[in-house]
Amino acid sequence: KVLMKLKGITRTYLMGEVTVDALKETSLDIYEGELLVILGPSGSGKSTLLNIMGGMDLPSTGEVFFDGENLSRAAEGQLTAYRRQEVGFVFQFYNLIPDLTAGENVELAAGLVEGPLSVTEMLKEVGLATRIDHFPSQLSGGEQQRVAIARAAVKKPRLLLCDEPTGALDHLTGKLMLSLLQKVNREQGSTVVIVTHNTPISAMAQRIVRMSSGRISEIIENTSPLSPE
Ligand code: ADP
Ligand code: ADP
């Protein structure tokens, strides 16, 4: 089943006199329940594509469908509802709210949806049961990213979007994040899309989309995805 359909989308940025074609005519179907990795060098359009998937940006031309709904023609309010209720985000730099504790950061996300998972259970799941009252500044990078994953997953989002989720972490900590994302994919059934320029991450994907100069250059099916352990 197709969860998201990107149909001939482009994204052009105007920089004064200069136009930048961040995305050239691109089409992609994302299937319900898959774990998809988008690979490509810096500047190839990965973040632009991810932002469009998450309803944080709209394409300049082309159409975006989520579960049959046309997001590219949605009103701002509908788009906000989509981002809040259907999508979880994990960023390279965690983006936690610094004056809220780990528990409060996750609670805030849980409050956006009906029937979220338990905040305490979610923090337990990512191994942070004892850190619930800590502030982001009191946590290591890996711990902050675990809070960010808990914050995204507590909503049971149908789509979990991750932009360089291991980019700021050491190798071992990065692997732990990937196993957590894979767990959310397998156990909660969230469709997971991970953008990275780190090729080894793609071993755990069911499909690998390779981008180059604003285009999808290749889609690879991986018949035996690895667990990151
Ligand atoms: P990646 O995530 O693969 O590094 P991006 O999607 O961030 O690629 O960027 C693709 C291209 O679009 C780059 O040339 C980048 O400089 C440009 N770009 C991205 N965001 C903006 C923006 N807000 N304004 C102008 N140019 C942008
Ligand atoms: P790229 O891989 O496209 O070059 P970056 O690595 O600069 O992009 O950023 C990846 C993502 O992290 C982007 O979506 C951006 O919005 C976010 N980001 C970049 N810098 C920061 C920051 N200092 N704090 C929080 N988020 C950031």
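**View 1. The surroundings of I201 in a predicted model**. Leaving aside residues up to four places away in sequence, I201 touches V37, T166, L178, I194 and T196, where contact means heavy atoms within 4.5 Å. I201 itself sits in the loop between β8 (191-196) and β9 (207-212). Helices (H or I, at least four residues) and strands (E, at least two) are DSSP runs, numbered from the N terminus. At 4% relative accessibility, I201 counts as buried; buried means under 20% relative accessible area, exposed means over 50%, and partly exposed is what lies in between (1.4 Å probe, protein chains only). As for I9, it is 192 residues away from I201 along the chain, and the two C-alpha atoms are separated by 26 Å.

A quick note on the model: it is predicted, so local features need pLDDT of at least 70 and side-chain atom pairs count only at pLDDT 80 or more, while totals for chains, interfaces and linings use all residues. Residues are numbered from 1 along each chain as its sequence is written, chains are lettered from A and ligands numbered from 1 in the order in which they are written, and side-chain values use heavy atoms, with hydrogens and water left out.

**View 2. Helix α5 against helix α6**. Two packed helices are described by the angle between their axes and the distance between the axes. Here, the axes of α5 (residues 141-153) and α6 (residues 171-188) come within 10 Å and cross at roughly 15 degrees. The axes are lines fitted to C-alpha atoms, for helices over the stretch in contact, with angles running from 0 to 180 degrees between N-to-C directions. That crossing angle makes α5 roughly parallel to α6 (under 35 degrees is roughly parallel, over 145 roughly antiparallel, 65 to 115 roughly perpendicular, and the rest oblique). On the α5 side, G142, Q145, R146, I149 and A153 make the contact; α6 brings T173, L176, M177, L180, L181, V184 and Q188. By class, that gives 7 nonpolar, 4 polar and 1 charged residues. Ala, Val, Leu, Ile, Met, Phe, Trp, Tyr, Cys and Pro count as nonpolar, Asp, Glu, Lys and Arg as charged, and the others, Gly among them, as polar.

**View 3. Helix α3 against helix α5**. The axes of α3 (residues 102-110) and α5 come within 8 Å and cross at roughly 25 degrees, so these two helices are roughly parallel to each other. Their crossing is right-handed. A102, N105, V106 and A109 in α3 meet V147, A150 and R151 in α5, a contact with 5 nonpolar, 1 polar and 1 charged residues.

**View 4. Positive phi at D67 and S213**. D67, in the loop between β4 (61-66) and β5 (69-70), has phi near 50 degrees, a positive value in a residue other than glycine. With a relative accessible area of 37%, D67 is partly exposed. S213 lies in the loop between β9 and β10 (215-221) and has phi near 45 degrees, again positive in a residue other than glycine. S213 is partly exposed as well, with a relative accessible area of 47%.

Conventions. Left-handed = near helix turned anticlockwise from the far one by under 90°.
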